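The exercises below ask you to read a structure step by step, with a worked solution after each task. Please keep the sequence and the 3D view open while you work.

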Amino acid sequence: MSTDTTRMGVSAMAAYVPALRVQLQDWSEWTGNSWDKIQAVVGSSFRVPARHENVYTMAANAVLRLIRQNDIDPGEIGYLALGTESSRDNAAGAIIVKGMIDRALDGLGSPRLSRNAEVPELKHACLGGIYALKGALRYLACDARGKKAIVVATDVAEYERGSTGEQTQGAGAIAMLVEPEARLFEVDLLHAGTASDYRGPDFRKPFMRHFIEGYAPNTLRPSDFPIFSGKYSTVSYLDETVHAVEDMLQRLDTSAGKFYRQVRGLFFHRPYHLMPVQAMSFLYVRGLARGRNHHDELAALCSEAGVAIDDVFRETTSSPDLYDSVHRGEAPSDPYEATSRVAGVLRKHRTFVELLVEKMSLGSRAMAQMGNLYCAALPMWVAAGLEEAATTGCDVTGEPMVMVGYGSGDAADAIPIRAPEGWADAARRIGLPAALEGAIDLTREQYESIHDGRDPDYPPYAPSDEFTISRVGQRYESAFQDLGVEYYEFVSAVS
């Protein structure tokens, strides 16, 4: 029996973020940065995992909330996928989350997840969660045999203090129930665009960095700080997302101008607030150049930016190898300098600002409070946007929307989505505002000591209704070894 893939997608979502929070206004005062600039470019705050938390506890918290908030029968789940770039184990991944969920369900008097469930972990920088979602959809289309899927995207984004990425930290998890007949949003894989191209040291976490002198010299705890180059990473993001979106437009057999007019919601991977705005302005200029009816508008923008329109045309039809100069040991170059300058001018225009408000504002305020979530960033924004739409009476039923995912290294996906009839009921159950409640703001001393791994002046925080790391294995004997293996417990709600 063939499976109708046109209605497949996500039926429910649930989120978890750590309670510990750094207010970026406070951080700006601590570090001498401009709060006005940080607020405009980055956001308002970011979350920090407590010492009993990691990506697996956050993922398990989100999955358990998903099950409980939506009365999901655990036995119907045949696929549990984990998308993350913050794994703490190179052998096991999603099975760790499954084990935690099963033991918690035991304690709650509920049946376990299906013993026959697949448990893959998918990794590609910040795109792992989207790859996990695509894997779940393909599972449903091919061999689910009536089962459903759960996908959870989770990450910890951490950077060295004093680095250019410090203000873009964050942590959290988002879980999704994936079904043949979606109740929250349908995913159109048939018309999804994709792109990939190797970028070398764009944004990496090479294992060997931990053994090279000079890496993270001021941090006493095990850390996962990335190796990155800000400008090169930004150009890589723009280049790959453009190629994925333009591939999607070709599959949809539509023009950029027509699509941007008709689309109701634009959701991008967002390492910080301004990055999706930069991407959209870049795509908009490329659309003007590729179209036949908007060259006058492009000419006016080029004149304002002091750029020759022919340079934008040339960049639009080019296919540069960004890694080539880096591979030769030279400094990376920007092959889209003219387009970027025009996009910068465009972002100041009232019509473009209105476009952002109309198509990219849903959920944006909530996302500004969480910081960079890596794999969880894009699906979390979709969750925030749909829940805000449902609670404010913004009807997006049947309206075209798109998710644009990106993972450094790099690769990108552009995936059309639509909200089916009755989506608002599922959206109201997401519970993101509740997930953001109970935040504990860190002082400078608390933040720095937790970040650096010194004995922290720890804030009063007792875990409740959540998973914790209860202990770490110490045995390293010939008969039995568990050295470094983390053991987990579910702490019931404190009445």
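## Exercise 1: Backbone geometry

Asp410 sits in the loop between strand E13 (400-407) and strand E14 (411-418), where helices (H or I, at least four residues) and strands (E, at least two) are DSSP runs numbered from the N terminus. The model is a predicted one, in which local features need pLDDT of at least 70 and side-chain atom pairs count only at pLDDT 80 or more, while totals for chains, interfaces and linings use all residues. Residues are numbered from 1 along each chain as its sequence is written, and side-chain values use heavy atoms, with hydrogens and water left out.

**Task.** Find what kind of peptide bond joins Gly409 and Asp410, and describe the phi of Asp71 and of Ala125.

**Solution.** 

Step 1. As background, most residues other than glycine have a negative phi, and most peptide bonds are trans.

Step 2. The bond between Gly409 and Asp410 is cis, with omega at about -5°.

Step 3. Asp71 has a positive phi, near 50°, and is located in the loop between helix H3 (55-69) and strand E4 (77-83). Asp71 counts as exposed because its relative accessibility is 71%; exposed means over 50% relative accessible area, buried under 20%, and partly exposed in between (1.4 Å probe, protein chains only).

Step 4. Ala125 also has a positive phi, near 45°, and belongs to the loop between strand E5 (121-122) and helix H5 (128-142). With a relative accessible area of 13%, Ala125 is buried.

## Exercise 2: Salt bridges

**Task.** How many salt bridges does a search of the whole structure find, and which residues are linked with Asp452 in a network?

**Solution.** 

Step 1. Side chains of opposite charge can pair when their charged atoms come close. The criterion used here is a side-chain nitrogen of Lys or Arg within 4 Å of a carboxyl oxygen of Asp or Glu, and searching the whole structure gives 33 salt bridges.

Step 2. One of these joins Asp452 and Arg161, with an N to O distance of 2.6 Å. This pair connects distant parts of the chain, 291 residues apart, since Asp452 lies in helix H18 (residues 444-452) and Arg161 in the loop between strand E6 (148-157) and strand E7 (170-179). Asp452 is buried, at 3% relative accessible area, whereas Arg161 is partly exposed, at 34%.

Step 3. The network of salt bridges that contains Asp452 links it with Arg161, Arg444, Glu448 and Arg454.

Step 4. In another salt bridge, the closest N and O atoms of Asp197 and Arg199 are 3.3 Å apart. Here Asp197 is partly exposed, at 35% relative accessible area, and Arg199 is buried, at 0% relative accessibility.

Step 5. Asp224 and Lys205 also form a salt bridge, with their closest N and O atoms 2.9 Å apart. Both residues lie in the loop between strand E10 (203-204) and strand E11 (227-228), so the pair ties together parts that are 19 residues apart in sequence.

## Exercise 3: Enclosed and open space

**Solution.**
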